[in-house]
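Thanks for coming, everyone. Please bring up the sequence and the structure, and keep both in view while I talk.

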Amino acid sequence: MYIIVGLGNPDRQYQNTRHNIGFEVVDEIARKNQITIGERKHKAVIGKGYVGGQKAVLVKPQTYMNLSGESVRQVIDFYKIEEKSELIVISDDVSLEPGQIRIRKKGSAGGHNGLKNIILHLGHDEFMRVKMGVGEKPEGYDLADYVLGHFSKEEREIMDESIMRAVEAVEVMITQGADAAMNLYNKKIK
């Protein structure tokens with residue numbers, strides 16, 4: 001069984017912001033696999049079904065980004081998965097160009113507070129992740145304001161394409177492993 005977590009903030013005002021791209025990827029995984037996300041438990045909204053032929057729980061923590069680990073820990077404890085091989089976390093990344101995807105099997109939080117809180121609650125950084133490039137903040141911008149801001153029309157088109165690639169990448173991670181997904185998707189986009 002896989003736990004697929006998309007990071008974001010729960011309130012309507014955060015919909016379609018850079019920080020909520022993880023929620024958008026999970027929503028698209030749900031749509032593609034006919035999974036309804038609506039059950040409220042483990043400080044999240046969740047949906048259960050099959051992704052890549054495997055049982056999966058889709059999770060959108062409702063704790064706000066900085067406390068995402070509270071929800072993730074509860075889900076892992078409830079479903080008793082092996083977090084190093086069965087947890088996939090999808091988040092935004094300001095160090096990647098808009099639309100670029102980077103898959104990792106472990107690593108630091110890279111300044112991302114949601115990932116930082118998950119690492120804190122797990123006690124390690126060895127879990128698979130899909131980092132969604134949202135672009136570097138412009139000079140003079142506050143980072144929080146930037147990641148809570150909306151994409152431009154051009155960026156939105158790029159992000160919609162990258163969401164589809166991220167959904168494919170998650171399926172490859174499940175069916176062929178993270179290394180195969182890294183080989184296919186950790187490429188610069190043109």
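Is Lys80 buried or exposed? Lys80 is exposed, with a relative accessible area of 68%. Keep in mind that this is a predicted model.

Let me stay with Lys80 for a moment. Find it in the loop between H2 and H3. Its backbone deserves a look. Lys80 is not a glycine, yet its phi is positive, about 50°. For background, most residues other than glycine have a negative phi.

Asn16 is not a glycine either, and its phi is positive at about 65°. Look for Asn16 in the loop between S1 and H1. Its relative accessible area is 42%, so Asn16 counts as partly exposed.

Now step to Thr17. It sits in the loop between strand S1 (2–6) and helix H1 (21–32). Thr17 is buried: its relative accessible area is 0%. What is Thr17 in contact with, leaving aside its neighbours within four places in sequence? The partners are Glu24, Val147, Leu148, Gly149, His150 and Phe151.

Hold on to Glu24 from that list. Glu24 is linked with Arg156 and Asp160 in a network of salt bridges.

On to helix H6, residues 153–175. Here is a quick geometry check. H6 has 23 residues, and at 1.5 Å a residue they should span 33 Å. The end C-alpha atoms are 34 Å apart, which agrees. After H6 comes Gly177, with a positive phi near 105°.

Next, salt bridges across the model. How many does a search of the whole structure find? The search finds 15.

Pair one is Glu70 and Lys43. Their side chains meet in a salt bridge, 2.9 Å from N to O. Where do the two residues lie? Glu70 is in helix H2 (residues 68–79), and Lys43 is in the loop between strand S2 (39–41) and strand S3 (44–51). The two parts are 27 residues apart in sequence, so this pair ties them together. Glu70 is partly exposed at 24% relative accessibility. Lys43 is partly exposed as well, with a relative accessible area of 41%.

Pair two is Glu126 and Lys84. This salt bridge is 3.9 Å, N to O. The cut-off is within 4 Å, so the pair counts. Glu126 lies in the loop between helix H4 (113–122) and strand S7 (128–133), while Lys84 lies in helix H3 (residues 83–86). That pair ties together parts that are 42 residues apart in sequence. How accessible are the two ends? Glu126 is partly exposed, with a relative accessible area of 33%. Lys84 is partly exposed at 42%.

Glu39 is partly exposed at 36% relative accessibility. Lys48 is partly exposed too, with a relative accessible area of 46%.

In one, Asn16 is partly exposed and Thr17 is buried. In the other, Lys80 is exposed and has a positive phi. Over to you for questions.

Methods
Residues numbered from 1 in each chain as written. Predicted model: local features only at pLDDT ≥ 70, side-chain atom pairs only at ≥ 80, totals over all residues. Heavy atoms only, no water. Buried < 20%, exposed > 50% of the residue type's maximum accessible area, 1.4 Å probe, protein only. Helix = DSSP H or I, 4+ residues; strand = E, 2+ residues; numbered from the N terminus. Expected span 1.5 Å × (residues − 1). Contact = heavy atoms within 4.5 Å.
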